[in-house]
Amino acid sequence: MKPYPFEYTRVSSLEEAVTLLQREDEPRIIAGGQSLVPILAMRLAAPSRLIDIGGLSALRGIERRGDVLRIGALARHAEVMASAEVAEAVPLLARAISHVAHPAVRNRGTFGGSVCLADPAAELPAVCTALGATFEVFGSDGLRTIPAREFFLDIYETALAPDEILVAAQLPVACPKERFGFEEIARRHGDFAIVGLAVRARMEGTLFAELDLCFFGASPRPVLAQNAARAVIGQELTDETQQAAVSALTADLDPQEDAQADAEMRLHLAGVLLKRRLAEIAGKERQQ
Amino acid sequence: MSEPRQSVSLTVNEERHDVTVPNRKHLADILREDLGFTGVHVGCEHGVCGACTVRIDGAITRSCLVFGVQADGAEIETIEYLSAQSETRDLVDTFVAENALQCGFCTPGMVISAAALLAETPDPTREEVRAYLSGNYCRCTGYQAIVDAVMMTAAGRRAAKGERA
Amino acid sequence: MSKQILRAPIGQSAPRERARRFATGRGRYTDDAASLRGLHAAFVRSPIARGDILEIDCDAARDMDGVVAVLTHADIAGRYRPWRAGNALLPEMKAPEQHALPPSRVNYVGEPLAMVVATSRALAEDAAEQVFADIDPLDAVADIETALAPDSPLIHEDCGSNLCVSLTSGNGKFGADFEDADLVIEDTLDFGRHTACPLETRSMLAEYDPGSEVLTLRISHQCPHQLQAELAKILGLGQHRLRVISEDVGGAYGLKQQLYQEDVLVCLAAMQTGRPVRFVADRLEAFASDNHAREHRVSARIAVRKDGRITGFELDDLFPIGAYPQYPRTSLGEGNHVLRMSAAGYDIADFRSRLRLLFQNKALIGHYRSVGHPVACAITEHMVDRAAAALGLAPETIRLRNFLSDDSYPRETPTGVHLHYLSQHACLDRLLADMDIAALRSEQAKLRGQGICRGIGIASFVELTGTGNGFYGPGGIDVSGQDGCTLKMEPSGHVRCMPSVTDQGQGTDTGIAQIVASVLGLEVADIRVLSGDSEITPHGGGAWASRGISTGGEAAWQAAQTLREQLLLVAGHLHQRDPATLELTEGHVVDASGAQITTISEVAHICYFRHDLLPDDMPTELMVTRHAVPRAQLFQATNGIQAAYVEVDTDTGFTRLLGHWVVHDGGTLINPKLVEEQIRGGVVQGLGAALLEEIRYDEDGQLLTATMADYLVPMASDVPDIQVSHVTSGTAEGALGAKGVGEAGVAGASGAVLNAVNDALGPFGATVRQMPISPRTVLTALRAAAASATTPPFEDAP
């Protein structure tokens, strides 16, 4: 299980990386490499050159900038997990990150790497989508931003142009009326989810004023279940609204079959998660 | 096409090594084949089993998920070194005393991971130990002796601290 | 032999020397051995399950960087002898010829087609991709139905059908109606295909010295002598010129017990190139080409009376073994254990069983720890629980009513298995006490009221351990049931101990050192055990069927007794004492009062350097070899029982393991700590089988579980703490009284979990009949139960 041979360059600037991206036949960016290295080892990809952006300090760091938390593309999962800023400003991410892989992988795997891989069953793309994050990307025309909700196109497919590099993610800082929920169903701890759900809700008393339900593992990309959300928005959670939301998932999700679950089971599990997370959020409000 | 190579400088167990390696060679193979650190075990080569866990710049890492060229300039510690350091020797001794290993193939990775856990969480619960070590596959033990060994090491360290205080 | 009371360090939990080495990174696994000018092998493997080889074009590969050799069937034909895995006692069993590389037909995905030998593994893989095999695809036989269908393609045309062999056993008439039954229940269980998945993959390094014509194969294997004998036959070498070394082995569990094509090919390549050739399977080829295990579909019928007595049991096992029977042991063992060990602990007047081995276009099924026993246990205990439920009896009650009675031994089972003694009643008593069954049931009932669905499952099992020579030998299979041990006392009084049994982490080396130390009055540290090298150790079985201590320990005991007598003879002469009055203790020769007369090292020293002090006719050899073979019985049968406590999330179908208990009869425990964690490790393998692990193929025979992300093994957080208790009963023969312990954990674990899950699902009327019990399996069972609940409840109840 050895990769095909490849050239390797550790770049010292974003510009150098972009130049190489434009010049090479089959370039591939490597950062933490925790997903890419196995792909290469299994010879599922044959890049002509790996462009290692690991040394670009501009892509590091986790920093609060007003009402967004900016997470550098090279921030390690372990850094995100240990960050007091993340815990305070983006509690949904704090909850999700512990589900990502295992300690040794979290020490090296990066936030940007997970986002750019766009695995439909991964946690971080779903969190970014649920929260309406924005991605800063750098390319030959300089910096631009892409909303997370327009970034994930299909399995392993993103809106990044071939010569663009993800620089950072801006995640909105939680406001007091927001509530979050996160749950995933995986065969074992650290495995990719069969189905997962990241929830952002803004509550007005016991009413769901806003609701973003992002399912992962339930479609070829992280998906906002808008029909399900509409069934609850503006209302309290009752057996009827809950059931309406669950029923609406059929229109929202495009579940695929794999070894763990067929489409019907995925849809069913998505419904279970939806009920549980909404009940948790609504239950806490009622207690207050 | 001839094999693309680069020279890298690795500090392994406090000793500097300059080697020229194929770009595609992962760190585990370099440590084993080029430098002779055969305590680094290769179990899956796709980052699942944890047998190749080493410390890179102080953080536990799967050495099959890092190409040698990426590790240029890094400080690496393997089981050969870590097991002899005072910070981990008690853990190693407890693994042996509690028979927390059978075939031993997972053990270097398991010990290094367990050492990292105890550095982060000196007083873990059994569940925390199980969760932290759930990236390290052991086919021989029932994991219970491993959890016992980690818990006993933690207790031993607390006791030693108490004695000093 | 002088009968001695077992004394320390027997019974002590001595730490293992190997463990110290392993924990400090100083293991010596096969791939750790350096080799000058060494070469690396990679294999071109069949991408399809069945097809005719039209052409294999190696020209491009041979021209590539670093490539030293590319071998196909044409290159090696005539340089080795192909093999057939049969059994002379079963002439009707089909044993198709097997080749190191296929001459004309591929029969499973992953089958080696060509071998590339290059200066690095990466270069060998590059070249392997440039070998172009033109294969005309044929329809594959990839499931049980297809294999049985009369019009299905024949995997081996000369065999006439895809049925490898069919066997029956028992004392009743297979297929006949049961008499004396108030109720007959029928059911079928499907057992998924597993693989042992040792963390160290199959690894080997062959070196050939043309000067002395000696071939040395370092290989991660359980049975170096067996491999030495087989390779000598296949390669046409003298057994004395073939050395097989299996020093440290990173897990084996039966997977590294037989012969693989690659074993032969690395030897051929080393002989051809004159350079060391190494092959370390990567994980992808491990899943595709390692032995698999345990795929069974077992249908059973159980007949019971209203009073809870089981009067009849019939079992029909369909066992697809892959493309060939595994060489040299064949794939019979697994099915044979299902055939003969199912319901073996119950007193059943009318027991019958049938076994059919089927060929399939899949990787070969070999042996995996506890061979067949987990299947025998699960089907038996599932049927017993179903009968109990139908009769409204508690699981323990029906078992107590049907266990063989304690005063009925020795006896034979209806399938001809000799039982010296089973401690089933004592084990069950201990289990119920350990788990506090009353408290557990009350907690279960309370939580059910809160919508939390928990289940308790019990599984009792009888297992065959320490298999003797009568099994393979008469079948014409050169697998040794005896084991030997050589002891060499150095002039210092320290001992080198060379057993034929091997140690893959079980602690066999340490247990044997404890036995030798006990007999010789030495410390464990005074004994150095050198195992796993066919050149220095006596020929023996190695590691299989839990024989390390039960058979190998017995040989060590006998060798140590002989050495002890020798030392006492010399000491008696030197000190004018009757040797029969002397004893060896704490490194000394002592008299009956315990007074120290001399040291063992002094006696040893005299035996080597001071013959002037001894009579000319006094034997002074301090090197002894003894062999032991179980004679009184073909197998040493023992027993145990397990219980599982689970919680099933009926919304998601997920099963969580909350507690697990084992009570086992291992006879004398030489080293309790080693025994206990070995049993726990076995349990975890069984828990993996119950809930997670499955090798899956599609209908065309394509392998779907190619990586460790697909083949789910239990990790630390997937399993609970496991309580292990012991019951000790005697053995039919042997001084030590030790029984096999290595496989007990696996034998009962999956059956206990199956019963626990079905206990949890009972209130829903749902039954799971498939392992692994995935969330999908549970949800499907619940859905089926909900669908049938439209009919009035209990309508079809007895």
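At 0% relative accessibility, A:C214 counts as buried, where buried denotes under 20% relative accessible area, exposed over 50%, and partly exposed in between (1.4 Å probe, protein chains only). The structure is a predicted model, in which local features need pLDDT of at least 70, side-chain atom pairs count only at pLDDT 80 or more, and totals for chains, interfaces and linings use all residues. Residues are numbered from 1 along each chain as its sequence is written, chains are lettered from A and ligands numbered from 1 in the order in which they are written, and side-chain values use heavy atoms, with hydrogens and water left out.

A:C214 belongs to strand β13 of chain A, residues 207-216; helices (H or I, at least four residues) and strands (E, at least two) are DSSP runs numbered from the N terminus. Contact is taken as heavy atoms within 4.5 Å. Leaving aside residues up to four places away in sequence, A:C214 touches A:A126, A:T129, A:A130, A:G196, A:L197, A:A198, A:P222, A:V223 and A:L224. The C-alpha atoms of A:C214 and A:R200 are 8.5 Å apart in space, with the two residues 14 apart in sequence.

A:E183 is buried, with a relative accessible area of 16%. Residues touched by A:E183, not counting those up to four places away in sequence, are A:G196, A:L197, A:F216, A:L273, A:R276 and A:R277. A:E183 and A:A96 are separated by 87 residues in sequence and by 8.0 Å in space, C-alpha to C-alpha.

Chain A as a whole contains 11 helices and 14 strands. Its C-alpha trace spans about 60 × 45 × 35 Å along the principal axes. The radius of gyration of chain A is 19 Å, in agreement with the value near 19 Å for a compact globule of 288 residues; this radius is taken over C-alpha atoms, and the globule rule is 2.2 Å times the number of residues to the power 0.38. Of the 288 residues in chain A, 58% are buried. Among contacts in chain A between residues at least 6 apart in sequence, 61% link residues at least 24 apart. Chain A exposes about 11,000 Å², of which carbon and sulfur atoms supply 48%; accessible areas come from the Shrake-Rupley method with a 1.4 Å probe, and for residues only the protein chains shown count as cover.

Three domains are assigned in chain A, namely domain 1 (7-52), domain 2 (59-172) and domain 3 (178-287), with bounds that come from an automatic or database domain assignment. The C-alpha centres of domain 2 and domain 3 of chain A lie 21 Å apart. To the contact, domain 2 of chain A contributes 24 residues and domain 3 of chain A contributes 22 residues.

Chain B comprises six helices and five strands, arranged from the N terminus on as β-β-α-β-β-β-α-α-α-α-α. Its radius of gyration is 17 Å, close to the 15 Å that the globule rule gives for 165 residues, so chain B is as compact as a globular protein of that length. The C-alpha trace of chain B spans about 60 × 35 × 20 Å along its principal axes, and 67% of the 165 residues count as buried. Chain B exposes about 5,500 Å², with 46% supplied by carbon and sulfur atoms.

Chain C has 19 helices and 33 strands. For its 798 residues a compact globule would have a radius of gyration near 28 Å, and the 28 Å of chain C agrees. Buried residues account for 64% of chain C. Of the contacts in chain C with a separation of 6 or more, 80% involve residues 24 or more positions apart. Chain C is divided into domain 1 (17-27 + 482-628), domain 2 (33-138 + 199-252 + 256-289) and domain 3 (292-469 + 632-788). The C-alpha centres of domain 2 and domain 3 of chain C lie 36 Å apart. Their contact takes 30 residues from domain 2 of chain C and 28 residues from domain 3 of chain C.

Within chain C, C:T510 is located in helix α14, residues 508-520. C:T510 is buried, at a relative accessible area of 7%. Excluding residues up to four places away in sequence, C:T510 touches C:A14, C:P15, C:R16, C:E17, C:N671 and C:L674.
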